[in-house]
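Hello,

As promised, here is the structure to open alongside this note.

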Amino acid sequence: MRGTVDVTAGTLSFEEQPAGAPLSSASPDAQIYGNQGVTVRIYNSTVTTSAPVAGKKTFTANVGVRNLLAYRIGDEQGAATPADTMGIYVFVNSGPVVSVTSSSCPTCTVTVANRHGTLNFNGTNQAYWFYPELLGPANGGSDTTRVRKTWIFEADTAVTRCNFDVLVSAAWVPPIETFWKIEYPGDSLPDTQAEPRWRRSATTMASPTLVGGNLQIDLRRTKDSLLYSRRDSISTGMNAFVDARFRLDDGGGNATPQPGFALDDQTKYIGVFVSDSGAAGRGKVGFVDAAGAFLTAAGASDTVSVRAFRVYQLRKFGADSATVWVDGVPRLKVLYTNLPPTKATPSRVEFGHTNGVARTTTSTWDDVIYQLGKATP
């Protein structure tokens, strides 16, 4: 969809992209589409323009989304307002670019000033606005977002019109679609800056920060823990996977599980964590129980170099088994019946750092991806 900000008229308008809107099955959600007025309608308030500051001004509008499809979009859950939702992303596919100025200004630029984040939809580092809602089918009474999101663009004062292209990324509810993907890119604090938001465990001692563009969890010389979680619809028979790239910076030689992630389908707790042996950066990767201890079953753990970034992946094959891959190589397998019982309800995904020791204990996270409905990428 082509968006146009007209400062003189005070409008933000949307129309079908002249070349048509591409379809894709890229992350983070199952569907990417456009077609203003056919599949979706983006609408907005009047554009307000700020007073110039240091040669710049902002254009602001409150923007909503209406679903024009014959089925629900935004989440795979059945409830109208789930506790957490995969929601709806409207992302910038290209631009924004300056199209008209009040005077000659070949160097004038315009940028998105208040994106909710960036993700790789059908490109890299694409800015987006996130709507945590589940929309009903067209003309179904709940087909429009309840809250408009504020969009802000910043430009040089000579700019009077700019253009940009946006697309919508939103999961399609069963039976239209059967798997969904969510990505946390590690470039923001999961519970306060990232969208969709994660819930942080109730701890005051652990200190999460951003270091070099990655999330670093510092347990601040305590025996504390910090876990981030998202509620989602994970069932016993459902296939799923979690893919995370992280490293254990310093585990203090603690042989108990420390950083890692888990799926809980309200029947089984499927956690994968790593420990620190303190010897040449070696440690252990393995399945854990709900109390955070490694499982002792054959094939449930293995040694690995933990002080460098590794890609750890958990694959859940319904109620049959679960496997762990490290850097693309299969390492562990446990039958579903041998996994520990659920930790708590509701079903959820979690990641973070636990079992700290009374010395520096940190882990660094580059990204976390989870997918429901399919056990492989």
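Two aromatic rings, from Phe, Tyr or Trp (its six-membered ring), are taken as a pair if their centres lie within 6.5 Å. With that in hand, one aromatic cluster is made up of Tyr184, Trp198, Tyr228, Phe246, Phe261, Tyr312, Phe351, Trp365 and Tyr370. Please keep in mind throughout that this is a predicted model.

**Aromatic pairs**

The structure holds 22 aromatic pairs. Tyr184 and Phe351 have ring centres 5.6 Å apart and planes at 25°, so this pair is stacked. Tyr184 belongs to strand 13 (residues 180-184) and Phe351 to strand 26 (residues 348-353), so the pair ties together parts that are 167 residues apart in sequence. Tyr184 and Phe351 are both buried.

Trp198 and Tyr370 also form an aromatic pair, this one edge-to-face, with 6.1 Å from centre to centre and 85° between the planes. Here too distant parts of the chain are linked: Trp198 is in the loop between strand 13 and strand 14, while Tyr370 is in strand 27, 172 residues apart. Both Trp198 and Tyr370 are buried.

**Nonpolar cores**

Which residues have the most contacts inside the largest nonpolar core? They are Phe261, Phe287, Tyr312 and Phe351, in a core of 55 residues. Strand 18 (residues 240-250) gives the most to this core, with five residues. Another core lies apart from it and has 35 residues, including Val110, Trp129, Ala158 and Val168. As background, nonpolar side chains tend to be buried together in soluble globular proteins.

An open sheet is formed by seven strands in the order 14-17-26-19-20-21-22, with antiparallel pairing. At its edges stand strand 14 (199-200) and strand 22 (301-305), each with a single partner strand, so one side of each is left without a neighbour in the sheet. Within this order, strand 20 (residues 269-274) and strand 21 (residues 282-288) run antiparallel and are joined by four bridges. Val274 has Val285 in strand 21 as its bridge partner.

Strand 7 (residues 88-101) is worth a look as well. Four bridges connect strand 7 to strand 10 (residues 126-131), and the two run antiparallel. Phe91 stands opposite Tyr128 of strand 10. Strand 7 also pairs with strand 12 (residues 159-170), again in the antiparallel sense, over ten bridges. There, Ser94 stands opposite Asp165 of strand 12.

**Cysteines**

The structure holds one disulfide, and it joins Cys105 to Cys108, with 1.8 Å from S to S. The torsion about the S-S bond of Cys105 and Cys108 is about 90°, so the disulfide is right-handed. Cys105 is partly exposed, at a relative accessible area of 23%, whereas Cys108 is buried, at 9%. Cys162 is in no disulfide, and the nearest cysteine sulfur, that of Cys108, is 11 Å away. Cys162 is buried, with a relative accessible area of 0%.

**Charged side chains**

How many salt bridges does the structure hold? There are 17. In one of them, the side chains of Asp366 and Arg245 meet at 3.5 Å, N to O. Asp366 lies in strand 27 (residues 362-372) and Arg245 in strand 18, so the pair ties together parts that are 121 residues apart in sequence. Arg245 is partly exposed, at 30% relative accessibility. The charged end of Arg245 also sits over the ring of Phe309, 4.3 Å from its centre.

Arg307 and Asp276 meet in a salt bridge of 2.8 Å, N to O. Arg307 is in the loop between strand 22 and strand 23 (310-317), and Asp276 is in the loop between strand 20 and strand 21, 31 residues apart. Is Asp276 buried or exposed? Asp276 is buried, with a relative accessible area of 0%, while Arg307 is partly exposed, at 34%.

Arg310 forms a salt bridge with Asp327, with the closest N and O atoms 3.5 Å apart. Salt bridges that share partners also join Asp264, Lys343, Arg348 and Glu350 into one network. Lastly, the charged end of Arg315 sits over the ring of Trp325, 3.8 Å from its centre.

Best wishes

Conventions:
Residues numbered from 1 in each chain as written. Predicted model: local features only at pLDDT ≥ 70, side-chain atom pairs only at ≥ 80, totals over all residues. Heavy atoms only, no water. Pairing = 2+ DSSP bridges. Core = buried A, V, L, I, M, F, W, Y, C linked by side-chain atoms within 4.5 Å. Buried < 20%, exposed > 50% of the residue type's maximum accessible area, 1.4 Å probe, protein only. Disulfide = S-S within 2.5 Å. Salt bridge = Lys/Arg side-chain N within 4 Å of Asp/Glu carboxyl O. Phe/Tyr/Trp six-rings, centres within 6.5 Å; stacked < 30°, edge-to-face > 60°. Lys NZ or Arg CZ within 6 Å of the ring centre and 35° of its normal.
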